[in-house]
Amino acid sequence: MKESPIICIVDDDIDVRASLENLLRSVGMSVRTFGSAEIFLEEYNQSGVDCVITDLHMPGMDGLALQEQLNTLGRDFPVIMMTAFPTKSAHEQALRLGAAAFLEKPIDPDRLIEQLEGMLSDGT
Amino acid sequence: MNQPAPQTSDRSRLLLLAAGTVALIIFAADLLSPLQGAVAVLYIIVVLLVAQARGRAAVMAAGAGCIILSLIAFAVGHLGAPVDSAIIRLSVSIVAILAATLLSLRDHSARTTLAEQARILELGHDTVIIRDANDVILYWNEGAERLYGWTRHEAVGQRCNDLLGCEFPAETVSAALEGHGHWSGELLRTRRDGSRMVLTSRWLLRRDPNGQGIGVIESSADITEQMRADAERLASEQRYATIFNAAGFAIWESDWSATRRFLFEEMPPESDPLTWLEAHPHIARACVNKAVIGDVNQAALEMFGAANKAELIGRSVIADYTVETEPVLARIVAALATDSDTVEAEVRYLTAAGSPIDTVLRIRVLPEGAPWSRVLMMALDVTERNQARANLEKTSAELAHAVRISTLGQLAASIAHEVNQPLTAIINYGKSGIRWLGRDIPNTPEATACLQHIVSNGSRAADVIARVRSMARKGTPEAESLDPVEVIEEGLALVAREARAANVGISLASDDSVTEIVGDKVQIQQVLVNLLMNGIQSMRTVEDRPRDLIVKLGAAADGLARIGVTDSGTGIAGEPASIFEPFFTTKADGMGMGLSISKSIVEAQGGRIEASNNAEHGATIAFTLPTRSVGPSELSRPIETSV
């Protein structure tokens with residue numbers, strides 16, 4: 001795993017972003033947060049991303065659409081989907097689009113960290 | 001002293017001339033003639049002639065004159081040598097002249113009186129007919145001419161029965177006339193034009209000096225009209241009695257004259273009756289207690305549960321059948337005292353069985369007789385109406401609650417999400433905090449920051465729960481003073497998630513002119529949420545422009561606050577006011593109750609709601625609310641006593 005992997009968090013809720021950021025920083029990761037999928041797409045630096053954690057339901061482009069877009073643009077990082085409304089169809093679609101994980105809110109922080117560490121060490 | 005009619009003045013002059021001539025002749029004879037008889041007695045003729053011609057004064061003058069002439073003649077003939085026989089003759093003559101004079105004077109008086117009495121018969125409106133024993137008309141006055149249509153000329157000489165077609169109880173009449181000499185009663189006659197009429201008649205039997213009946217004097221008056229009026233009045237009274245007894249609502253007649261007397265004895269003059277009575281409720285009650293029931297109708301018996309009229313008649317109008325509300329009594333008496341003739345009030349009575357009935361009481365003072373002696377009280381039983389109204393209010397409240405719950409259901413997903421966010425954050429921060437503290441060198445500042453975030457997120461969750469709880473609360477509406485901005489912002493927070501999900505921008509625009517509104521917070525927020533959700537829905541299909549939902553807060557006329565929700569959607573098709581009708585919905589799964597309930601809520605708070613289409617895009621639904629607290633009772637809805 002890189003010294004300080006860069007995790008991008010995309011969620012329209014500020015408290016979720018802030019708390020996740022705090023959490024991941026506490027385990028030594030670097031975090032960048034984005035208020036919407038559009039903002040993320042505009043600002044992210046392809047090489048500077050090690051993982052994207054995104055909320056599913058967001059106004060404008062939602063998480064699944066973001067995933068599709070990232071697939072189209074070609075990504076080399078894992079995408080984790082999180083949502084407060086885990087429907088079966090959403091789950092299936094996320095997996096089909098290549099999500100590395102599909103997490104239900106409220107998220108279990110320990111589990112998240114476990115999964116992240118697992119993904120990042122496997123990854124490139 | 002009456003003078004004879006002008007046309008006889010020629011005759012009277014002739015008579016005077018004759019009298020004068022005769023007087024001279026007699027004087028001459030008396031003076032010159034050697035006859036031994038009492039020539040002077042012939043002066044009687046002179047006096048009689050003058051009496052025919054002139055009045056009392058002339059008769060007396062003639063009498064006196066003749067006596068003087070006799071004396072002169074005597075003096076001339078016998079003064080020197082008065083002979084006994086001559087003196088006797090003179091005395092006889094004087095006595096005769098005096099007698100003739102006096103008799104003439106009496107006759108004159110009698111004739112005058114008779115003439116006057118005859119005129120009275122003509123003056124009266126009543127008809128006078130004098131008939132003989134064969135029913136032949138002898139006298140027919142002017143009144144008879146007018147009434148029957150026959151002139152005097154035509155009537156006199158006719159048989160009365162033939163002329164007038166009389167109908168009367170002949171045997172009774174004859175018996176009365178023979179027995180008492182008079183009869184009075186009613187009879188029917190026919191006028192000349194053929195119309196029948198009813199007369200009231202008095203008949204007197206005319207008798208000759210021997211006491212034999214020789215005919216009838218009658219006086220009659222036409223009572224046809226009066227009989228008709230009487231019959232109508234009777235029919236009218238019967239009609240009244242029928243209506244009174246058959247009316248489907250309770251009526252009772254009562255006598256309030258004792259009330260009036262008592263009131264004016266007790267109340268100081270110059271007082272305003274209403275204020276004074278309200279200040280002395282026991283007197284108001286005592287006053288009304290003195291009003292006595294005179295008659296009741298069937299419906300009143302049924303309403304009070306009385307077995308018969310006797311149970312109610314004679315009692316006070318508020319006897320055992322108690323009137324509960326005393327302010328009403330004061331108002332009733334005060335209204336009557338200020339000369340209203342009608343008072344209406346909602347009054348609660350207790351029946352004989354003790355069950356309460358709500359009535360709308362209408363009291364009407366009839367102008368007949370002594371003041372307030374005839375008062376009609378009419379009562380309409382509105383217990384059912386009031387009960388239905390109470391039920392309706394209860395049902396309304398329940399429906400509003402149901403809609404609130406259903407709205408809550410609709411928002412459930414949003415609410416769950418809203419609670420989830422802070423919960424997620426709390427868990428995250430908690431774990432973070434542990435990790436920060438678990439480092440070799442514990443990072444206290446970071447940990448502290450985490451704990452602070454935990455607290456704030458916890459509060460955020462608690463707020464959501466509180467909002468949800470208040471939405472679900474089923475309580476009676478209360479009015480309180482509220483900060484409008486806070487109310488609106490909370491409402492916006494309730495729909496924030498929905499709005500974000502629908503990509504709708506929501507905002508509050510306030511001109512700061514309104515700092516206070518009065519109303520029930522939950523209900524106002526219900527209305528607001530309803531309007532916001534509708535606004536969000538209406539912009540579902542909008543693609544070419546921003547989806548903006550603006551809540552505008554400002555002042556309206558009459559000191560009210562105005563809250564308007566404006567969207568940039570598709571607007572309202574058709575008549576904007578129709579959206580407030582129950583069951584109006586454009587959603588396939590919509591119930592259509594939200595806006596009509598919102599309307600009832602707003603109106604119950606004392607405001608108005610209206611919808612209109614914006615000039616450019618979308619619609620605005622705005623409602624007004626009171627800003628000043630006039631008293632909490634203003635906004636609750638008890639069953640009111642109506643004025």
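The legends below describe several close-up views of one predicted model.

Because the model is predicted, local features are given only at pLDDT of at least 70 and side-chain atom pairs only at pLDDT 80 or more, whereas totals for chains, interfaces and linings use all residues. Residues are numbered from 1 along each chain as its sequence is written, while chains are lettered from A and ligands numbered from 1 in the order in which they are written.

**View 1. An open sheet of 5 strands in chain B.** The strands, which like the helices are DSSP runs numbered from the N terminus (at least two residues of E for a strand, at least four of H or I for a helix), follow the order S12-S14-S15-S17-S16 with mixed pairing; two strands pair if DSSP finds at least two bridges between them. Strand S12 (505-510) and strand S16 (609-613) of chain B are the edge strands, each pairing on one side only. From one strand to the next the twist averages 15°.

**View 2. Strand S14 (residues 548-555) of chain B and its partner S12(B).** These two strands run parallel and are joined by 6 bridges, with B:Ser510 opposite B:Leu553 and B:Ala509 opposite B:Lys552.

**View 3. The hairpin of S14(B) and S15(B).** Here the strands run antiparallel, joined by 7 bridges, and B:Lys552 stands opposite B:Gly564 in S15(B). Between the strands lie 4 residues, and B:Asp558 in this hairpin takes a positive phi near 65°.

**View 4. Helices H10 (residues 257-266) and H12 (residues 281-289) of chain B.** Their axes, lines fitted to C-alpha atoms over the stretch in contact, with angles running from 0 to 180 degrees between N-to-C directions, come within 8 Å and cross at roughly 150°. H10(B) and H12(B) are therefore roughly antiparallel to each other, a term for angles over 145 degrees. Residues in contact have C-beta atoms, placed from the backbone, within 7 Å; B:Thr259, B:Phe262, B:Leu263 and B:Glu266 in H10(B) meet B:Ile283, B:Ala286, B:Cys287 and B:Val288 in H12(B). This contact divides into 6 nonpolar, 1 polar and 1 charged residues, where Ala, Val, Leu, Ile, Met, Phe, Trp, Tyr, Cys and Pro count as nonpolar, Asp, Glu, Lys and Arg as charged, and the others, Gly among them, as polar.

**View 5. The side of chain B that touches chain A.** In this view, 23 residues of chain B are in contact with 21 residues of chain A. Helix H15 (383-438), helix H16 (444-472) and helix H17 (484-501) of chain B each supply at least two residues of that side, and the largest share, 16 residues, comes from H15(B).

Conventions: Two residues are in contact if their C-beta atoms, placed from the backbone, lie within 7 Å. Angles under 35 degrees count as roughly parallel, over 145 as roughly antiparallel, 65 to 115 as roughly perpendicular and the rest as oblique.
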